[in-house]
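Let's take a walk through this structure together. Keep the sequence and the 3D view open as you read.

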Amino acid sequence: MEWNEIIARLFKNKLSLIGLIIIAFFLLVAILAPVIAPPADADEVYQIPRAGWTMEPQPPREGYPFGTSQGSYDIFYGMIWGTRTAFRIGFIVVGISSFIGISVGTISAYYGGLIDEIFMRITDVFMSIPFLVAAMVMTTILGKGLNNVMIALVVFGWMGTARLMRSQVLEIKNEEFVQASVALGANDGRIIFKHILANCIFPVLIQAFMRMGSMVITAAALSFLGVGAPEGYADWGQMISFARDWILGGGDSALKYWYTVIIPGSAIMLFSLSWNLLGDAFRDILDPKLQDNS
Amino acid sequence: MNFLSKEPLVQVKGLKTHFFTEEGVVKAVDGVDFEINPGETLGVVGESGCGKSVTSLSIMGLVESPPGKIVEGEINFQGTDLTKLSQKEMRKIRGNDISMIFQEPMTSLNPVYTIGNQISEAIMLHKKVNKEEAKRQSIEMLEKVGIPLPEQRVNEYPHQLSGGMRQRVMIAMSLSCDPQLLIADEPTTALDVTIQAQILELMNDLKESYGMAIMMITHDLGVIAEVSDRVAVMYAGKVVEYTDVETLFKDPEHPYTWGLMNSIPKLDQTVERLEAIPGSVPSPLNFPSGCKYNNRCPLATDKCREIEPELETISEGHQVRCWHYKELERLKNERAETAKIK
C-alpha cells in the first residue's frame, strides 16, 4: 500500500481523524508554548512560576485561567509547557526503545541458534521484572530528573518490541522471496534491510503508536509517585502529583479543588487516547483481514 | 566461447547432502552424479522427497546449515569446486553465473516493492550500473520475457500481476545477469496448464538466445518431455537412471522409471486404470538396506535386499542403477501382451 493511500484512509476514518486532530492540537500547543504562556525566565522555561507561597490550591482567576495548584504553581503554565515534556518523553522513549527492540528482535530471529537463545533469554530476564517497579527503582538509583526517567523507561521498555519483531522476522525470513533474493546473490544486510524490515515494520509501528500514550502515562505515574521530574518542573505527572492531597476535595464540597486534578488528568487521557486511536486506525488500515471494503 | 567446448559446465560427483536432525541423520542426497553441458537442459525427475530440490540447493550453496551439510562429493562449475567456496564467494556466483527460479511465483516476489525495483536490485547486485541504467535494463528484460507494456508494468507491484506474469518476472530477474546455468525448481507446478506451456516455451526460447544450460527439476514427466535433453531420474537420494530424453521414454531400463511411465496416461493407449507404483517413498530416516527401491520393485530379489547396485553404464550415455534391468524386458512384454488381449 502506498503512503498517500494510507494517509487518505486515516483521514476517512472518523476515529483516527479525531485522534489526528487531538494530536495536532497538542503539537500546536507544544510549538506555540512560548507564545501561549510566555516564560518569566528564559533560561528556565520548564520551571513553573508560582503565584505566591500559599499551600492551598486557588481556583481559576484573572491571570491564572486554570487556577493555581498546591504551592501556588500556575496550572496553565504547567499544562502548556508540560505538553512539550509529554512529546519529548513519548518520542525519545518510544524511539530509542523501539530501535533497541527492532535490532534485538531482528538479529535474534534472522541469525537464530545460539544468538537467538542468548538475546531472547536476556529479554526474558528484563521482562520478568515488573515494569513500573523496575522503572521506579532505576530512577531512584539514577536520581530525580526527567532524563533519568526516560533512561529507566527505555531500559525496561524495549522487550515487547523485540518479541514482536522476532516473531515477524521469523515469519518473513522463510518467505520464498527472501530465498529468491539469496539465490540472486544478496548479502545479509541487504536482505534484512530491504526485504525483511520493509515487510514487518508495520505491526511494530502500530505498537509504537500505542506505546506513545502509555509511556507518557508511566512517566506521569513515576512523577506522581515522586521519583519523576524535580518539583516545579512543567510535566503533567507533576501537576497530578500536586493534586494528590486535594483529590478528595475539602470542607463542604468534594469538587472544591477539581481544577487541580481534572485539567492535567484530561490532558494525559486525551493525549494517550489520541495515540491509541491512531494506532487502532493504522492497524485497521494495514491489516487486510480487518478491512470491510476494497 | 565456453559453450562450444566439450567440457561439461557443471559436474556433480558423489554429492552427499545430509541433514543432522534430532531424530537421526536424514540422507536427503546420498551419492548423486550427473553433469550438465553448456546449453543443455537436464531434467531431474522424481517423487516428493527424493532429494531433487536438495541437490539444486546444494549447487546454489543454499542448504540450511545447521542442520544440513554437504558431507561428501564435488560440484565442479567451470573448474571450481563450489562446495569449497566461502559464502562470500558463493554470493558472487549466485544470480550471476548460476540463477534459480522457484516453484511459487505468488510468493517469490517481495510484495512491498515494484517489480522494476526488484529486477533492478538483481542487476545492480552484479553489474556496476546506476539506477537509471538498471531500470532501462529491467524494462528490456521484461520485454524479453514477453510482458506486454513493460514501461508501465515495471512500476507495478507483484499483486497487480497474474501468476504466469509473476513467473515471467522471476525469469526476467534470474536472467538479468546472463547466467551460465539456470536452476528451475518446479517452475510450472503452481501454474495452470496453458500458462505452463507458455512458460516452458519461453524458457526454451531464452535458453537458445542466451546459450545457457538449464537444470529443470520437476515431478511432471510431461515437462521433462517438453524441455529436456537429458534426464536424471532420482529415487531416495540417488540417481537411478540417467539417459537422454528419447531413450528414457522409449526404453526405460530401471523398474522405477518404468513404473513412472506406466502411471501416466498415454494418447495412443486406452487403459481402464492407470497403474500405480505400490507403496510410497521410504522415510529418509530408515531407508531399506540394499537397493532402496526393493520394497516396491516387481523384480526385487534377495540380492537387491542385501547389496546396493551401482550406477552401471549399459549403453552409450545410458546409466542404470539396478541388478536386474535385463529382466525388465520380460515385464514389458507381459504388459504388452495383456494390453493386446484386452
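This is a predicted model: local features need pLDDT of at least 70, side-chain atom pairs count only at pLDDT 80 or more; totals for chains, interfaces and linings use all residues.

Begin with chain A, which has 12 helices and zero strands. Read along the sequence, its pattern is therefore α-α-α-α-α-α-α-α-α-α-α-α. Taken along the principal axes, the C-alpha atoms of chain A fill a box of roughly 75 × 45 × 40 Å. Chain A has 294 residues, and 49% of them count as buried. Among contacts in chain A with a separation of 6 or more, 72% come from residues 24 or more positions apart.

Is Ala208(A) buried or exposed? Its relative accessibility is 13%, and because buried means under 20%, Ala208(A) counts as buried. Leaving aside neighbours within four places in sequence, Ala208(A) is in contact with Val94(A) and Ser98(A). Ala134(A), by comparison, is 74 residues from Ala208(A) in sequence and 21 Å from it in space, C-alpha to C-alpha.

Now turn to the aromatic rings. Over all chains, the structure holds 23 aromatic pairs. One of them joins Tyr77(A) and Trp81(A), a stacked pair with 5.8 Å from centre to centre and 25° between the planes. Both residues lie in helix α4 (residues 75–111) of chain A, four residues apart, about one turn of the helix. An α-helix has 3.6 residues a turn, so residues three or four places apart point the same way. Tyr77(A) and Trp81(A) are both buried.

The charged end of Lys194(A) sits over the ring of Tyr113(B), 4.8 Å from its centre. The contact between the two chains takes 28 residues from chain B and 19 residues from chain A. Together the chains bury about 1900 Å² between them, 58% of it on carbon and sulfur atoms. The count of salt bridges between chain B and chain A is two. In one of these, Glu121(B) pairs with Arg190(A), and the closest N and O atoms are 3.6 Å apart. There are also 10 residue pairs in polar contact between the chains. On the side of chain B that touches chain A, α1 (52–60), β6 (98–101), α3 (115–126) and α6 (163–175) each supply at least two residues. Which of these elements gives the most? That is α3(B), with five residues.

Staying in chain B, look at helix α10 (residues 255–262), where eight of its eight residues are buried. Among them are Pro255(B), Tyr256(B), Trp258(B) and Met261(B). What covers the buried residues of α10(B) includes α8 (221–227), β9 (230–235), β10 (238–244), α9 (245–250) and α12 (328–341) of chain B.

Finally, two backbone details deserve a look. Most residues other than glycine have a negative phi. Gln78(B), however, has a positive phi, near 45°. Gln78(B) lies in the loop between β4 (68–77) and β5 (80–81) of chain B, and at 40% relative accessibility it counts as partly exposed. Asp178(B) also has a positive phi, near 50°. Asp178(B) is found in the loop between α6 and β7 (181–185) of chain B, and with a relative accessible area of 45% it is partly exposed.

Conventions: Residues are numbered from 1 along each chain as its sequence is written. Chains are lettered from A and ligands numbered from 1 in the order in which they are written. Side-chain values use heavy atoms; hydrogens and water are left out. Rings of Phe, Tyr and Trp (its six-membered ring) pair if their centres lie within 6.5 Å; planes under 30 degrees apart count as stacked, over 60 as edge-to-face and the rest as tilted. Buried means under 20% relative accessible area, exposed over 50%, partly exposed in between (1.4 Å probe, protein chains only). A charge sits over a ring if NZ of Lys or CZ of Arg is within 6 Å of the ring centre and within 35 degrees of the ring normal. Contact means heavy atoms within 4.5 Å. Buried area is the accessible area (1.4 Å probe) that two parts lose on being put together, summed over both. A salt bridge is a side-chain nitrogen of Lys or Arg within 4 Å of a carboxyl oxygen of Asp or Glu. A polar contact is a pair of N or O atoms within 3.5 Å; within protein, one must be able to donate a hydrogen and the other to accept it, and residues adjacent in sequence count only if both atoms are side-chain atoms.
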